[in-house]
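Please read this briefing alongside the sequence and the structure.

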Amino acid sequence: MLENVSSFLDPVFIAPYKAALALSGDALVAFILGTLALVVITTVIGELTMAGVYWLNRRHFASLRRDMITHNNLSLQALAQKDKVSFTACNRLANEFFGRNLFSGFTLFASSLWPAVFALAWMGSRFGAIVVPLWGFELRYPALFVPLYVLARIGFGLTKKRIWPFTRITAWISRNEDCGEKLMTISDLLPKEPDETGKTDKPGKAGDTPA
């Protein structure tokens with residue numbers, strides 16, 4: 001299957017390499033730039049896939065976050081009232097929902113990796129026998145693609161909130177997971193200093209910015 005998909009995508013994936021070779025006239029530079037372009041393409045497709053999977057399961061993710069925040073806040077409120085029984089019960093549920101949120105996040109991220117798998121399969125069919133002299137080492141294609149891909153995902157994660165259409169996707173996800181109260185921490189139980197109007201904010205109220 002991977003071979004069939006790689007053959008189908010060959011004209012798309014090879015285009016950046018050909019363009020870089022035409023511009024630079026250097027095979028090594030073309031290989032690096034072409035791989036960088038391939039990394040960007042797979043990153044964007046992966047992020048869009050992740051957004052699509054989230055949309056299909058949007059109610060599930062919203063429910064998990066609401067349950068996590070609700071039980072976390074109830075446990076801290078019970079702690080503030082020195083209600084050990086309620087704190088233990090709510091804290092156990094909060095930890096359970098936190099774990100489910102974390103697992104769902106990992107699963108969601110995994111759904112974005114398939115373009116990289118196909119890209120590596122395609123590079124294997126195109127450049128599997130090629131050794132690249134770089135930084136004093138003789139490297140094969142995974143040694144270039146994988147570090148660039150990791151850096152691209154990190155960089156994209158830090159900047160996608162300012163890139164269309166991911167600005168709208170990020171805002172929509174925030175609205176979908178806004179359950180009307182923020183995730184409280186121990187610091188919210190500490191006495192609050194009054195502001196200029198003499199009012200003291202109460203933690204966990206609707207209208208606070210979600211965590």
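**Pockets and core of a predicted model**

The second largest pocket is lined by Ile14, Tyr17, Lys18, Leu21, Ala27, Leu28, Ala30, Phe31, Phe127, Ile130, Val132 and Pro133. Helix H1 (2-24), H2 and strand E1 (132-134) are the elements that give two or more residues to this lining. This is a predicted model, in which local features need pLDDT of at least 70 and side-chain atom pairs count only at pLDDT 80 or more, while totals for chains, interfaces and linings use all residues. Residues are numbered from 1 along each chain as its sequence is written, and side-chain values use heavy atoms, with hydrogens and water left out.

**Terms for pockets and elements**

- A pocket is an open set of points on a 1 Å grid over the protein atoms alone, where a 1.4 Å probe fits, with protein on both sides within 12 Å along at least five of seven lines; lining residues have an atom within 4 Å of a point.
- A volume is the space filled by probe spheres set on the points, which are joined across faces, edges and corners.
- Helices (H or I, at least four residues) and strands (E, at least two) are DSSP runs, numbered from the N terminus.

**Pockets**

- The second largest pocket has a volume of about 200 Å³.
- Its lining has eleven nonpolar, no polar and one charged residues; Ala, Val, Leu, Ile, Met, Phe, Trp, Tyr, Cys and Pro count as nonpolar, Asp, Glu, Lys and Arg as charged, and the others, Gly among them, as polar.
- The largest pocket holds about 700 Å³ of space.
- In the largest pocket, 22 residues form the lining, and Tyr54, Leu108, Lys160, Ile173 and Glu177 lie nearest the centre.
- H4 supplies the largest share of that lining, six residues.
- The lining of the largest pocket divides into twelve nonpolar, five polar and five charged residues.

**Core**

- Leaving aside neighbours within four places in sequence, Tyr17 is in contact (heavy atoms within 4.5 Å) with Ala30, Phe31, Gly34, Thr35, Leu38, Trp122, Met123 and Phe127.

**Whole chain**

- The chain has seven helices and two strands, in the order α-α-α-α-α-β-β-α-α along the sequence.
- Of its 211 residues, 30% count as buried, meaning under 20% relative accessible area with a 1.4 Å probe, protein chains only.

Methods:
Buried < 20%, exposed > 50% of the residue type's maximum accessible area, 1.4 Å probe, protein only.
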